Amino acid sequence: MPSMKSLPVIQDEPRAPGHRSLWQSVEELEARAAVSRGEFAAGAAEVPPELSRRSFMQILGASAALGGLAACQPPREKIVPFVHEPPEDRPGKRFHYATALSFDGYATGLLVGAADGRPVKVEGNPAHPASLGASSTWEQGALLDLYDPERARGIWRKGQPLSWRGFLAEIQQLAKVHDADGGARLAFLLAPDASPTQADLLRRIQARFPKARFHAWAPITEENAAEGARIAFGRPLDARPSLDAARAILSLDADFLSGHGESLRLTREFARHREPGAGMNRLYVAEPAMSLTGANADHRFRMRGTEVASFARAVAVKLGVVPIAPALSPELALAAKAVAADLSANRGRSLVLAGARQPPAVHALAHAMNAALGNVGVTVTYSRPVLGEAAPSAASLPALAKEIQAGKVDTLVITAWNPAHAAPAGLDFGALLAKVPNAVYHSIREDETSRRCSWRVAASHPFESWGDGRSRGGVASLVQPLIAPLYESVSTIDLLASFLGQGDRGAMQHVKAYWMARSAIDPAFFEPQWERWLRQGVVPGTAEASETALVDVAAVASSLGRLSLPKGDGVELAFAPSYGLFDGRFGTNAWLQELPDPITKVSWDNAAYLSEATAKRLGVADGQVATLALGNRSVQAPLKVMPGHADDAVTLALGYGRSDGSAVSKGVGVDAYPLRDAGAWFAPGLSVKAGKGKHKFAIAQGHFGMEGRPLALDFTSEKWGHAEGGGELEHLRGMPATLQVPVDYSKQEYSWGMSVDLSRCTGCNGCVIACQEENNIATVGKEQVAKGRIMHWIRTDRYFSGPAADPETITQPVMCQQCETAPCEYVCPVNATVHSEEGLNEMVYNRCVGTRYCSNNCPYKVRRFNFLNWRPEVPNVQTLLFNPDVTVRSRGVMEKCTYCVQRIEGARIDARAGGKKIGFVQTACQQACPAEAIVFGNLNDPQSRVRKLHDDARRYDLLHELGTRPRTAYLVKIRNPNPELA
Amino acid sequence: MTPPATAAVPADPLAPMPLIAGHPSDAQLNTELLAPIFGPTPQAWKMMVGMAAMGTGLLFLGLTVTIARGIGMWGNNQPVGWAYDIINFVWWIGIGHAGTLISAILLLFQQKWRTSINRFAEAMTIFAVMQAAMFPLVHTGRPWFAIYWLFPYPSTMGVWPNFKSPLIWDVFAVSTYFTISLLFWYLGLIPDLATLRDTAKKKSQRIAYGIFALGWKGSSRHWQHYRIGYLILAGISTPLVLSVHSIVSFDFAVSLLPGWHTTIFPPYFVAGAVFGGFAMVLTLVIPARKAFRFENVITNRHLENMAKVMLVTSMIVGYGYLMENFIAWYCGNPYEAYLFFKTRPFGHYAAIYWIMLACNVLVPQTFWWKKARTNVAWLWVASILVGLGMWAERFVIIVISLSRDFLPSSWGNYAPTWVDWCIFVGTLSFFSLLFLLFLRFVPSVAVAEVKELNHEMQHEKAHAGEHA
Amino acid sequence: MSATRVILGQYPTVDSLYGAARAMQAAGHSALDFHSPYPLPGSDEVLRLKRSPVPFIAGAAAFVGVVSAVLMQWWMNDIDYPLNVANRSVVPTPTWMPVTFELGVLLAGTSIFFGLMALFRFPKPYDPLFEVEAFRSATIDALWLSVSVKADQVPSVSDELRKLGAAQVELVPEEA
């Protein structure tokens with residue numbers, strides 16, 4: 001044990017990591033957790049005396065939630081409560097710890113803020129290449145999962161609870177049995193994970209059981225990309241796009257601005273080059289349904305998913321990569337020509353991206369085009385696959401099913417997510433699981449699969465467990481727990497280790513041992529390294545080196561030849577990951593369920609999207625419930641007309657229609673898996689029959705048009721030149737004529753303001769969830785959303801312009817504009833909303849009587865009213881989720897964005913303590929935004945970024961003519977269309 | 001009351017259709033006008049009271065649910081923060097105004113025909129204002145605080161109400177209006193209560209009415225102060241009634257919402273109030289005078305005059321609509337234009353807009369014809385239609401404007417819930433209940449004033465020569 | 001000393017009532033009053049009543065209301081707890097008008113009502129007059145003249161009233 005002497009810790013300023021070693025961090029956390037565990041009731045005496053009433057109540061609440069759960073857990077590191085509270089620690093104080101969250105196998109580095117020993121806010125780790133400080137809806141949402149009261153708990157065998165030790169004993173027995181035949185009857189169904197420690201454990205397990213089978217499986221895979229690389233280069237390689245240098249980008253159904261494991265980095269690189277000028281990039285997207293990336297395209301070509309290949313090929317022909325041009329509609333042919341011209345005009349500064357849904361041949365073709373365009377090494381590099389063995393394959397599940405049917409599997413260990421639910425159509429995997437004598441399901445939640453498995457092992461949340469992971473590109477991060485497991489649960493490493501008879505060693509020891517061995521540092525000197533890695537959140541020198549790879553054009557061409565082109569007519573069904581729930585794993589997350597789809601704004605639902613023309617042709621209407629049938633399989637799904645959707649195609653998002661999981665996930669939306677073959681993305685020959693009954697969607701934004709109002713403004717890059725010169729924005733900014741004597745804020749030390757760059761915003765909604773997490777914003781459920789009572793303080797308005805069949809899209813985040821002459825203030829009868837001398841429009845919750853007059857008079861409609869008590873009873877464990885710095889509002893009270901005033905005040909306190917000015921304050925939305933579209937700061941500081949942006953030529957005020965003088969400035973969106981296609 | 005008879009009263013040009021039929025003696029008038037109180041309880045009255053009481057039950061059910069669970073039990077939402085609650089508030093307040101207008105303004109203008117209906121009208125005012133006053137309180141999210149935080153009292157928070165807010169103006173206006181109306185009404189009642197006391201045979205009645213009569217003995221020394229006081233009260237009630245509905249209209253005019261932000265609102269609201277109020281008086285008086293045989297004192301001439309007032313006010317209101325639309329077009333503001341030329345006539349709630357126009361502008365046009373003005377049945381139907389129309393007008397102003405404001409992204413519609421309906425039906429019933437009780441236990445016609453009027457008229461007849 | 005008693009005389013017409021009153025005044029009885037179901041035109045002159053103070057009361061109250069309203073709003077929003085509300089200026093504003101007006105009206109109105117109550121010495125549900133059953137007609141259809149005289153004058157004045165055409169004359173019993 002190192003001494004307990006206290007050192008500075010990483011504090012509110014994520015960009016300035018401190019020097020505190022992890023040990024003490026963890027022990028301190030564990031100490032708090034320990035206090036909260038009944039087992040350590042004696043230790044409660046050691047709770048620091050200055051512990052505030054509030055945090056004491058929190059611990060009390062926790063104890064209630066956790067009482068008696070300490071009985072059996074994997075052994076943890078020695079827990080030593082503070083004897084002397086370190087001076088820098090005080091109740092409610094925020095500490096940030098670097099960790100990582102793996103999503104579909106790839107890790108994203110995070111800094112998780114903990115107050116009073118409980119994680120309360122997730123931020124991106126600026127030092128991590130896949131995060132760069134930003135975070136997506138899914139990383140943010142992970143926190144809600146942590147405190148989900150419906151999480152699985154304990155270890156169960158055939159309905160009987162098992163202690164951890166009991167479990168280990170049982171596994172020992174099993175292992176011995178399997179030793180006999182070298183594990184011939186042992187199989188693993190694993191979730192994709194690039195964790196080196198895990199890979200190491202698996203290797204050792206394989207060594208012990210040479211005949212055991214290891215299947216990596218997930219409902220959504222990138223096999224096509226891998227296969228495409230194999231075709232093009234003769235070996236599997238990961239392609240790593242880099243948009244910094246790219247001036248012309250062609251996305252072949254690649255939704256790289258969302259979902260993709262590197263979408264945060266790519267969004268940042270993309271957004272950085274959306275400002276007018278020479279460096280501005282141009283994005284072409286060919287896709288069936290409007291995706292987030294498509295919505296941000298300068299030119300979007302809508303086509304059925306299977307037609308993308310032909311389009312790609314047409315472009316390739318123009319680039320002289322392959323011969324034989326395919327048959328294409330005249331306008332698509334024209335488009336292909338223009339795109340090819342633009343790409344080759346930007347040789348070495350262009351990029352072709354193929355989407356995970358496209359067949360290998362298209363990926364191969366993309367590689368070939370990039371090679372031909374001389375982009376390799378500039379806008380795209382290749383490296384050894386990071387997942388390697390752990391790369392999931394859709395075929396693995398049917399293969400495993402065969403083995404089970406053949407009775408070749410006695411013990412099956414499942415860490416993959418919910419195979420019984422997401423299994424391919426026709427494969428009743430749930431029933432098969434019942435056949436396996438020992439099916440061990442390791443999951444964070446009871447779900448469709450766990451009901452069918454004889455063994456259920458509750459999984460610890462990533463914020464509760466030790467581990468490691470690798471980002472795309474291979475950079476490794478260590479995963480450290482923020483809090484002791486809230487429920488009796490086991491980490492994946494502990495579970496796997498138990499098959500090596502090392503289950504009681506503790507995950508941390510495994511991880512540490514692995515890295516000690518790998519780093520080959522003398523153990524005596526390893527400790528400081530280890531602590532630095534933990535503090536920084538990344539392990540240096542772990543990135544995969546880029547490799548030179550030569551494209552085998554002949555192979556590409558022949559693979560294209562083998563590609564079956566779509567039959568002429570008939571409707572094609574396309575599957576897509578959902579923006580909220582991905583493949584369904586987030587179905588139990590109320591934040592993500594309620595988050596409106598970025599394109600259609602549908603909340604708490606998925607729907608069969610199709611174009612207006614197709615709907616007409618099929619004689620169906622928006623909102624109708626229709627039967628979607630592929631051959632003899634069919635599902636009932638509500639139809640929704642989506643502007644810009646390809647004709648003769650229907651898109652159905654995966655991840656909904658769960659029959660289990662939790663009260664949140666059950667029965668929301670339509671399950672698409674019964675229609676889906678293993679790994680299939682596009683299915684021809686769909687029949688759509690309108691049934692009876694209309695479906696009631698909960699749509700957060702019903703109206704799509706701007707009605708010609710100057711709200712979310714955009715200019716084309718060449719028009720912008722004139723607009724700027726002609727001062728077209730002058731009448732939309734500056735001080736409007738007024739009779740009042742304006743209050744002078746220039747004398748103030750601080751005058752807070754914000755700017756939102758519409759050119760950068762991609763509409764990813766990351767800010768929405770970040771705000772919800774930071775400000776304790778309630779979810780209200782589908783019925784209330786449908787009634788128009790969604791509570792989000794910041795929303796991304798999305799408007800379509802141009803033809804409904806093929807519109808242009810613009811997204812506009814709208815939060816409280818902090819008007820200097822706020823219309824909400826003068827109508828409040830009780831002075832519950834007034835102005836601070838620093839220019840904030842303050843909301844005094846405990847003074848509010850709820851007349852709703854302020855909301856009526858708010859032209860931006862950013863105020864939210866607690867029509868009911870949205871939290872009738874909060875499970876104790878969920879009280880741990882609340883940000884202690886933000887009031888939890890009850891019913892009858894109006895609430896709204898405050899520019900994260902709690903963060904401003906927090907910074908002020910620290911500044912005062914340090915006797916300096918408030919430096920750098922970030923709002924939650926700004927911090928999460930991968931596009932750096934939201935900037936907040938002090939307008940009275942001439943050096944501040946926000947000040948410069950307020951003076952930017954593109955700046956305008958929303959509804960300026962009303963004279964509200966908003967503190968939030970918008971910067972017009974600049975589109976960069978190709979003149980040839982204009 | 002009228003000013004001292006020394007102020008010469010012009011001879012009535014409409015002699016053939018008298019304000020009081022026949023030449024009844026004071027005693028006759030007395031028995032006739034107090035019959036409803038001393039007569040036996042009519043079955044119909046009992047039934048109506050029963051129904052009204054049940055309806056009132058709905059009101060309290062609705063309010064209980066609302067206060068227990070929250071405003072969310074209503075259909076209100078973002079962006080429609082106000083709906084039935086404030087519609088009912090404005091509607092009731094408006095109805096109240098006709099009462100004050102009849103009793104005060106017509107008194108100042110020496111309109112003698114008011115005499116036999118002003119008591120109805122004042123009672124209606126008070127009951128209507130009681131309904132209205134309920135809504136601003138229960139529409140808040142936390143009424144248990146609103147009930148006193150809205151008043152300037154030294155709170156421990158040290159903070160005071162915001163006198164820039166129209167809602168605070170409302171608090172002062174409505175409470176003042178209720179107080180003054182009540183005092184005005186009660187002052188007018190005192191001589192009649194004394195008459196009741198002295199007419200009553202039962203001791204219990206004598207005592208009860210005696211207490212409320214406060215000891216009135218018709219002394220001329222009292223009459224002197226009383227007359228002047230009553231007249232001044234009428235005098236200040238007149239600007240009061242105008243101010244109250246102007247202030248109610250400020251709730252909307254002061255905001256910046258298209259459809260609310262309109263300078264014409266104050267006069268147009270006042271006219272609308274009088275319009276709807278007179279309609280309500282007719283709706284109530286026509287059955288009442290039939291039931292209690294008041295045809296002699298509430299003659300067709302009264303009904304006809306009210307019809308004329310409605311015709312005038314309806315045209316003022318119609319002009320208001322016209323101006324709103326003209327300005328919406330003339331100012332060239334896209335938000336205004338969209339609301340007035342797209343949303344209202346063709347939008348989600350278009351039906352309600354057209355109902356408003358039909359009931360408030362077309363129906364009263366029939367009153368150009370004496371046939372329509374004197375056809376009691378039609379008057380009654382028309383008055384109910386106008387009441388409906390005025391309710392629709394408030395719906396159009398409040399809900400439709402809110403449902404389509406500046407940012408299309410936040411547009412949304414409103415649909416009432418069962419609680420909304422309970423409260424709406426309930427408040428109508430509660431009003432009826434109060435009014436039925438009033439008819440039974442209080443002289444619904446100002447006896448003393450009718451007697452006085454009776455004498456003046458006979459006096460005029462007798463001395464016609466001298467005046468000529 | 002001898003107690004004063006009140007004698008009531010009922011007269012058929014206003015003219016006969018006024019005639020009787022004038023005769024009584026001539027006879028030196030000034031404590032007269034009429035009782036009628038409705039105000040009698042000209043009674044003020046006959047009884048030689050002073051101007052009513054009610055208008056003054058109302059005016060004064062209205063003034064107090066207006067001034068206090070202005071002071072209240074000014075002090076509360078601008079002195080005691082000034083707040084920046086939507087950048088609206090804190091100098092006397094038009095937004096004060098409504099409350100100022102309403103408060104003026106409120107005080108004027110209430111003062112009139114309670115002023116009258118004071119002038120009438122109301123509430124006074126019991127009055128010896130009410131002991132006289134016949135007098136009930138005063139609020140129904142009859143005109144009464146009341147004269148208060150010294151106890152010893154009662155018989156003479158009663159006769160006098162009858163002579164002056166009283167339909168009936170009643171003596172109000174002494175206050176118990």
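User: Which side chain meets that of A:Arg975 in a salt bridge?
Analyst: This is a predicted model: local features need pLDDT of at least 70, side-chain atom pairs count only at pLDDT 80 or more, totals for chains, interfaces and linings use all residues, and side-chain values use heavy atoms, without hydrogens and water. Residues are numbered from 1 along each chain as its sequence is written; chains are lettered from A and ligands numbered from 1 in the order written. A salt bridge puts a side-chain nitrogen of Lys or Arg within 4 Å of a carboxyl oxygen of Asp or Glu. Here the N to O distance is 3.5 Å, and the partner is A:Glu808.

User: How many residues apart in sequence are the parts that this pair ties together?
Analyst: Strands (E, at least two residues) and helices (H or I, at least four) are DSSP runs numbered from the N terminus. A:Arg975 lies in strand E39 (residues 973-975) of chain A and A:Glu808 in strand E31 (residues 808-814) of chain A, so the pair ties together parts whose separation in sequence is 167 residues.

User: Is A:Arg975 buried or exposed?
Analyst: Buried means under 20% relative accessible area, exposed over 50%, partly exposed in between (1.4 Å probe, protein chains only). A:Glu808 has 37% and counts as partly exposed. A:Arg975 has a relative accessible area of 6%, so A:Arg975 is buried.

User: Which residue forms a salt bridge with A:Arg456?
Analyst: A:Arg456 lies in strand E16 of chain A, and its partner in the loop between E15 and E16, so the pair ties together parts 10 residues apart in sequence. The closest N and O atoms are 2.9 Å apart.

User: How many bridges join strand E4 of chain A to strand E16?
Analyst: Two strands pair if DSSP finds at least two bridges between them. E16 (residues 455-458) pairs with E15 (residues 438-443) in the parallel sense over 4 bridges. E4 (residues 155-157) runs antiparallel to E16, with A:Ile155 opposite A:Val457. The number of bridges between E4 and E16 is 3.

User: What area is buried between chain A and chain B?
Analyst: Buried area is the accessible area (1.4 Å probe) that two parts lose on being put together, summed over both. The contact (heavy atoms within 4.5 Å) takes 53 residues from chain A and 57 from chain B. Carbon and sulfur atoms give 55% of the buried area. The total is about 4400 Å².

User: Which residue of chain A meets B:Asp405 in a salt bridge?
Analyst: The count between chain A and chain B is 2 salt bridges. In this one, N to O is 3.1 Å, and the chain A side chain is A:Lys861.

User: Which residue forms a salt bridge with B:Arg373?
Analyst: B:Arg373 lies in helix H13 (residues 370-374) of chain B and its partner in helix H10 (residues 300-330), so the pair ties together parts 69 residues apart in sequence. B:Arg373 is buried at 12% relative accessibility. The partner is buried too, at 3%, and the closest N and O atoms are 3.1 Å apart, which gives B:Glu304.
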